[in-house]
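Reader: I am new to this structure and would like to look closely at one part of it. Could you take me through a single residue and then through the elements around it, step by step?

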Amino acid sequence: HIYSPFTDPKYLDWWGGYYPPYDWPHIVGIDPGWGHPTGVVWCALDPDTQERYYYMEHKAGKLLPEDHAEIILSLNQSMGIVAPIYVIDSQARATDQKGGSVWQDYRDSGIVARLATKKLHEGNIQLARLMRVTEGPYAKETQFHVSSECPMFIEEIGEYQHRQKSDVAQAELYVDKKNDIISAARYTNWELSTID
């Protein structure tokens, strides 16, 4: 599932650059955190094949939403991404003691995000379906591609686990740690599934 745009010239020729074309739908998933890191992932949808290309990541703990927003907007500018769709964990809308919210902090910092569904099990099933490899005219094919420039995302996928017990609820089937970028990817996928 890993592609290498900076070493494989076919992407440079196909895309006209190292990142997916600007006129594809681009979506930025945000899984906010403080004690656990905030995970952010950039994804582009090939409108012809419906394949997802995850091409940039950001992960850091103990930064304020405005700090993350500054990093996200700076990365957008460096990659030439003009108007991505932002989607964030729906829990970011919860109000704090001062009546504000993480969602509002991002909005005030220039990132107006849609609220993502929290359907953990269904979201993981969707990602698993996208990752499935099938045989086709171009040998092995998949709808899920992760850039070699996303090592934290690749590491998270490799370490993501089911719980050992079989008698837990569906939402508790997964070990809830080291999944910050995976969660952000789940949010992007739900949003991309609504794009025609």
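Author: In this predicted model, N76 has a relative accessibility of 3%, and because buried means under 20%, N76 counts as buried. The residue belongs to helix α2, which covers residues 65-79. Leaving aside residues up to four places away in sequence, N76 touches V28, W42, I81, P84 and Y86. Two of these neighbours are also reached through side-chain polar contacts: one of 2.7 Å joins N76 to W42, and another of 2.7 Å joins N76 to Y86.

Strand β3, residues 38-45, runs antiparallel to β4, and 8 bridges join the two. Together β3 and β4 form a hairpin with 6 residues between them, and in that turn Q50 has a positive phi of about 65°. Strand β4 itself, residues 52-60, is mostly covered, with 8 of its 9 residues buried. β4 also pairs with strand β9, residues 144-147, this time in the parallel sense and over 3 bridges, and here R52 stands opposite F144 of β9.

On the α5 side the contact is made by M152, F153, E156 and I157, which meet D180, I181, I182 and A185 of α6. By class, the residues of this contact divide into 6 nonpolar and 2 charged, with no polar ones.

Helix α6 also packs against helix α4, residues 120-131, at an angle of about 80° and with the axes 9 Å apart, which makes α4 roughly perpendicular to α6. Here L120, E122, G123, N124, Q126, L127 and L130 of α4 meet I182, A185, R186, N189 and W190 of α6. The residues of this contact comprise 6 nonpolar, 4 polar and 2 charged.

Notes: Residues numbered from 1 in each chain as written. Predicted model: local features only at pLDDT ≥ 70, side-chain atom pairs only at ≥ 80, totals over all residues. Heavy atoms only, no water. Contact = heavy atoms within 4.5 Å. Helix = DSSP H or I, 4+ residues; strand = E, 2+ residues; numbered from the N terminus. Nonpolar A, V, L, I, M, F, W, Y, C, P; charged D, E, K, R; others polar. Buried < 20%, exposed > 50% of the residue type's maximum accessible area, 1.4 Å probe, protein only. Pairing = 2+ DSSP bridges. Axes fitted to C-alpha atoms, helices over the stretch in contact; angles between N-to-C directions. Parallel < 35°, antiparallel > 145°, perpendicular 65-115°, else oblique. Polar contact = N/O pair within 3.5 Å; in protein donor to acceptor, adjacent residues only side chain to side chain.
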